[in-house]
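Please find below a note on the model under review. The points are numbered and may be read alongside the coordinates.

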Amino acid sequence: MFWVVVASVLGGTLLLAGVPKLGDRDGLLTVVKGYRLLPAPAERTVAATLPFVEVVIGVLLIAGLGGRWTAAAATVLFTGFLTGLTVNLARGRRDLDCGCFAFGTGHEVPRIGWFHAGRAGLFALAAAALTAVPAPDVTPVGRLVGVAGGLLLLLAVVVVAQIRAVVHLGRRPVDDYLTSASIRLRAADAVSKHDTPVIDLHNLPRQTGQVR
């Protein structure tokens, strides 16, 4: 049962990652190019095939088809994600889109961090564990329960992540607005100081006439 739950979580994760990419191939190509790891022909190949690979492996994991071979394919896939993230983080390149799930729809500047690499590493380890352990023989009812449990667990994690992305504990919405406004004011002040010429009052010609 535990094997089925873990496989369902990994499969659902790959479906969440792959399905949105099917509708934005140009965006995915931009993300792949941003990693600067592959030659141009390989970048186009990855952008064209990655969504289908993620979806197919995800479906096979959830359906319990392919057993350890499917788990091995998932291990290779997650290890590739881990490698791309780790190499760019080691280079100090953080301002790029992770491309892990949906991309190009947020209002924040895309950034990667060690959290993304750690998450990919955790998925890779889980997939490797499934590869090392043979898939158990479970009844159809047992598999259905295991799949439901895994997907519900994944859904709970997604809901919590969405709530954390919207609600900032300890910060009121007005604080976010004021912070954004403060940043814009500082930027405008810096531009005005740079562009506005400084007037030296001591060097101005003195008027001899009376002010009317």
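Is Cys98 buried or exposed? Cys98 counts as buried, because its relative accessibility is 12%; buried means under 20% relative accessible area, exposed over 50%, and partly exposed in between (1.4 Å probe, protein chains only).

1. Basis of the note. This is a predicted model, in which local features need pLDDT of at least 70 and side-chain atom pairs count only at pLDDT 80 or more, while totals for chains, interfaces and linings use all residues. Residues are numbered from 1 along each chain as its sequence is written, and side-chain values use heavy atoms, with hydrogens and water left out.

2. The disulfide. One disulfide is found in a search of the whole structure, the term denoting a pair of cysteine sulfur atoms within 2.5 Å. Its partners are Cys98 and Cys100, with an S to S distance of 1.6 Å. A disulfide is a covalent bond between the sulfur atoms of two cysteines.

3. Helix α5. Helices (H or I, at least four residues) and strands (E, at least two) are taken as DSSP runs and numbered from the N terminus. Helix α5 covers residues 114-132, 19 residues in total, and spans 26 Å from its first C-alpha to its last, close to the expected 27 Å. The expected span of a helix is 1.5 Å times one less than its number of residues. Buried positions in α5 include His116, Gly121, Phe123 and Leu130. The cover over the buried residues of α5 includes α1 (2-22) and α4 (67-90).

4. The nonpolar cores. A nonpolar core is a set of buried Ala, Val, Leu, Ile, Met, Phe, Trp, Tyr and Cys residues joined through side-chain atoms within 4.5 Å. The largest such core has 19 residues, and those with the most contacts inside it are Leu10, Leu14, Ile57, Leu61, Ala74, Phe78 and Leu130. At least two residues of this core come from each of α1, α2 (25-35), α3 (40-63), α4 and α5. The greatest contribution is that of α1, with five residues. A second, separate core of nine residues includes Val31, Tyr35, Leu96 and Ala117.

5. Rings of Phe, Tyr and Trp (its six-membered ring) pair if their centres lie within 6.5 Å; planes under 30 degrees apart count as stacked, over 60 as edge-to-face and the rest as tilted. Two aromatic pairs are found in the whole structure. Phe78 and Phe81 are separated by about one helical turn because they are three residues apart in helix α4. Phe78 counts as buried at 3% relative accessibility, whereas Phe81 is partly exposed at 26%. The rings of Phe78 and Phe123 have centres 5.2 Å apart and planes at 40°, so this pair is tilted. Phe78 lies in helix α4 and Phe123 in helix α5, so the pair ties together parts that are 45 residues apart in sequence. Leaving aside residues up to four places away in sequence, Phe78 touches Leu10, Leu14, Ala120, Phe123, Ala124 and Ala127, contact meaning heavy atoms within 4.5 Å.

6. The salt bridges. The structure holds two salt bridges, each defined as a side-chain nitrogen of Lys or Arg within 4 Å of a carboxyl oxygen of Asp or Glu. Lys21 pairs with Glu54, the closest N and O atoms being 3.0 Å apart. Lys21 lies in helix α1 and Glu54 in helix α3, so this pair ties together parts that are 33 residues apart in sequence. Both Lys21 and Glu54 are buried. Asp95 and Arg111 form a salt bridge at 2.4 Å, N to O. Asp95 is exposed, with a relative accessible area of 56%, and Arg111 is partly exposed at 46%.

7. Two individual residues. Ser8 lies in helix α1 and is buried, with a relative accessible area of 0%. Apart from residues up to four places away in sequence, Ser8 touches Ile62, Gly146, Val147, Gly150 and Leu151. Arg36 is found in the loop between α2 and α3 and has a positive phi of about 55° although it is not a glycine. Arg36 counts as exposed at 57% relative accessibility.
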